[in-house]
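Hi there,

Here is the structure I promised to pass on. Please have a look at it first, and my notes follow below.

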Amino acid sequence: MPKKMLRVNMTNLEAKFEDFPADFAALGGRALTSTIVAKEVDPLCHPLGPSNKLIFAPGIVTGTAAPTSGRISVGAKSPLTGGIKEANAGTPFSQKLARMRIAAIVVEGKHVGKDYYTLKVTKDKAEFINANKWVGKGLYNVYKELFKEYGNKVGICGVGIAAELMGAASGICFNDPEGLPSRYAGRGGLGAVMASKGLKFIIIDETGAPGVEIANEEVFREGIAKLRNALTTHDVTKPGGALNSYGTSVLVNIINEAGGLPQRNFSAGQDDRSEKVSGEVKAEEIKKRGGVRPHFCSPGCIIQCSEVWTKPGGKDPVGVLEYESVWALGPNCGIYNLDDVGELNRACNDLGLDTIETGDLLAVAMEGGLIEFGNGKGALKLMEEIQKKTSTGRILANGTGFTGQAFGVTRVPVVKNQGLPAYDPRAIKGIGVTYATTPMGADHTAGYAIATEIMGVGGTADPRDTKKSDLSRNLQIATAAVDATGYCLFIAFAVLDIPEGLQGVVETLNGVLGANLTVNDVPGYGMQIIKTERDFNKAAGFTEKDDRLPEFFLKEKLPPFNEVFNVPDEELDKVWGS
Amino acid sequence: MTILVKFFGDLRKKVKNHEITDALPLKIQLKSDGIDTIADILKKYAITPEETHHLFVNGVYSGFDKKIHDGDRVGIFPKNMALLYKWYFTRKNE
């Protein structure tokens with residue numbers, strides 16, 4: 001049985017399986033979502049209108065025995081940026097979809113009227129079920145009920161109240177292995193795109209699924225062994241390593257020491273109160289409270305950076321508190337209390353909000369005088385405004401830029417209208433170049449796989465040096481390639497230090513695809529993805545003037561080390577040679 | 001004058017006469033006499049370079065030979081807390 005695509009027309013509630021086009025054979029994840037969006041979506045369409053399409057695609061090796069490969073990409077034209085968007089998440093949902101040999105779900109059209117639907121997909125059938133009873137409800141209870149209704153072996157993807165408001169800060173929520181609504185393809189308002197079509201949930205039941213076809217078992221198995229060896233021996237990725245012991249929040253203290261942990265809406269880069277929300281403190285609290293750490297976001301992960309954070313006494317599990325979420329809802333809002341951060345993260349998951357965008361918009365709302373910096377309970381009250389769908393809630397649900405405009409704030413940390421993540425670009429300028437120039441809008445993951453070795457550029461750089469175009473370009477290209485494979489970006493740490501691991505990654509791809517790729521093919525593959533995305537953005541009206549950071553990063557010195565973002569525009573434009 | 005040294009994670013156990021009761025970093029105000037580089041600090045606490053990964057001096061990602069001055073702030077992370085920097089940046093030495 002070859003791979004297929006499921007095309008879902010929400011206008012007339014029809015879903016049909018199509019052959020997977022032969023020229024898409026080597027595409028998965030982000031390569032596939034961006035290719036389909038570029039091919040089928042008018043760059044000038046309204047993101048929340050009938051012409052936009054929402055694409056779900058597991059990665060190339062997702063659903064196989066390849067370790068740490070449970071990612072799913074979601075793509076569309078973004079209502080937040082107005083450009084192309086790919087957001088991805090690690091979740092069992094992705095693996096189920098891949099094992100059913102569904103290479104992509106393409107959701108198109110728009111249901112007329114106010115009804116919402118659940119799309120239930122089984123091995124050879126897709127059906128629509130009215131979902132109106134879930135409207136206005138928090139996702140923690142809804143996911144519990146959905147698992148009761150459809151059985152605990154299904155995978156669930158859905159959108160919450162923020163998406164019902166057509167909020168550009170809304171994400172698409174996937175279940176974690178515990179069934180919690182905690183794994184998000186968060187960025188860019190893709191939740192609103194899904195809700196705009198009248199689609200509330202997708203339920204995947206993989207009963208009878210054939211599994212992912214492996215073209216060359218021997219090559220595939222050899223590749224897995226090499227990758228597994230790299231992941232289990234490297235200091236960052238091995239059991240007991242940095243990610244496994246502390247989760248991504250190991251970065252809180254590191255970035256604070258570097259003076260690049262943004263505080264109170266990017267007004268300082270260091271505050272030692274941040275120590276109270278560090279990965280070390282969180283790991284110890286989870287142990288005390290009877291939460292889970294380490295934990296995997298999807299079965300088969302070796303790194304296991306995830307966790308289940310709870311209230312004291314192990315009550316009310318939230319799911320993972322990622323570094324960027326802790327930063328956004330913590331230090332960026334002047335909040336240095338993990339219980340407040342945990343409850344804000346719960347509110348985001350429950351309402352279907354991107355945590356980074358939410359932390360940014362809350363900090364901007366604080367600067368705009370809605371509440372004081374540091375007021376965790378007040379921030380939770382603002383979340384209630386969204387839950388109650390009040391006018392204030394509707395403003396907030398539309399993201400950082402919209403909130404800044406509504407409340408007269410001029411220090412608004414966005415690129416292409418998307419909120420900046422947890423690394424101040426004045427202290428870590430390479431990441432600033434990526435924020436400015438990625439087709440996605442400010443996004444740290446767009447240039448996180450460290451690729452100087454792959455790309456043959458060689459050497460590493462001073463974080464405060466301004467010559468960063470080569471570094472950023474190479475990171476972005478390599479990341480785009482990783483985002484197509486279904487592997488988690490964090491395998492990069494191991495496979496760049498251990499060359500056999502990288503060879504193993506390529507062998508697993510060859511094993512699945514029956515191809516003869518080499519490590520040298522990676523840059524071309526990644527560049528093609530970026531080119532597709534940039535061409536879409538250009539046709540949507542973007543120019544090099546959109547590849548810039550907000551003015552205040554250029555003029556306002558970041559305490560305590562008093563850096564500004566002084567990378568010249570020409571250096572930014574050198575990234576893509578535009 | 002003193003140097004503020006912050007030990008993170010398991011490296012805190014290398015500092016004698018300090019009880020570890022929580023998960024916060026251990027902050028030591030160190031007399032600057034006889035301390036010329038980060039290597040001197042590590043030596044003082046019998047920490048080998050292999051036990052460390054990220055080192056910061058006043059926010060600058062640093063190597064073992066980075067000079068230390070009065071009033072500096074030094075952050076020393078153990079091997080199992082490495083993320084991000086080693087793969088992006090070169091260590092600054094003097």
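**Chain B**

With 94 residues, chain B would have a radius of gyration near 12 Å as a compact globule, and its value of 12 Å agrees with that (taken over C-alpha atoms, the globule rule being 2.2 Å times the number of residues to the power 0.38). Before I go on, please note that this is a predicted model: local features need pLDDT of at least 70, side-chain atom pairs count only at pLDDT 80 or more, and totals for chains, interfaces and linings use all residues. Residues are numbered from 1 along each chain as its sequence is written, while chains are lettered from A and ligands numbered from 1 in the order in which they are written.

Along the principal axes, the C-alpha atoms of chain B fill a box of roughly 35 × 30 × 20 Å. Two helices and five strands make up its secondary structure, in the order β-β-α-β-β-β-α from the N terminus. Helices (H or I, at least four residues) and strands (E, at least two) are DSSP runs, numbered from the N terminus.

The five strands of chain B form an open sheet with mixed pairing, in the order β2-β1-β5-β3-β4; two strands pair if DSSP finds at least two bridges between them. At the edges are β2 (26–31) and β4 (60–61) of chain B, each pairing on one side only. Strands β1 (residues 2–7) and β5 (residues 73–78) of chain B run parallel and are joined by four bridges. Val5(B), for one, has Val74(B) as its bridge partner in β5(B).

Of the 94 residues of chain B, 39% count as buried. A residue is buried if 20 or more other C-beta atoms lie within 10 Å of its own, exposed if 12 or fewer, and partly exposed in between, with C-beta atoms placed from the backbone.

**Where the chains meet**

Chain A brings 28 residues to the contact and chain B brings 24 residues; two residues are in contact if their C-beta atoms, placed from the backbone, lie within 7 Å. On the side of chain A that touches chain B, the elements giving two or more residues are α7 (242–246), α8 (251–257), α9 (279–289) and α19 (491–497). The most come from α8(A), with four residues.

**Chain A**

Helix α21 (residues 522–539) of chain A has 18 residues, which at 1.5 Å a residue should span 26 Å; its end C-alpha atoms are 26 Å apart, in agreement (the expected span is 1.5 Å times one less than the number of residues). Its buried residues include Val522(A), Ile529(A), Glu533(A) and Phe536(A). Seen down the axis of α21(A), the buried residues fall within an arc of 155 degrees, so they line one face of the helix; the arc is that of the directions from the helix axis to the C-beta atoms. After α21(A) comes Gly541(A), with a positive phi near 110 degrees.

A few backbone details may interest you too. Most residues other than glycine have a negative phi, and most peptide bonds are trans. The bond from Arg293(A) to Pro294(A) is cis, with omega near -5 degrees, and Pro294(A) lies in strand β13 (residues 292–295) of chain A. Also cis is the peptide bond from Pro559(A) to Pro560(A), with omega near 5 degrees.

Phi is positive at Arg264(A), near 45 degrees, and at Phe266(A), near 60 degrees. Arg264(A) counts as partly exposed, with 17 C-beta neighbours inside 10 Å, whereas Phe266(A) is buried, with 24 other C-beta atoms within 10 Å.

Best wishes
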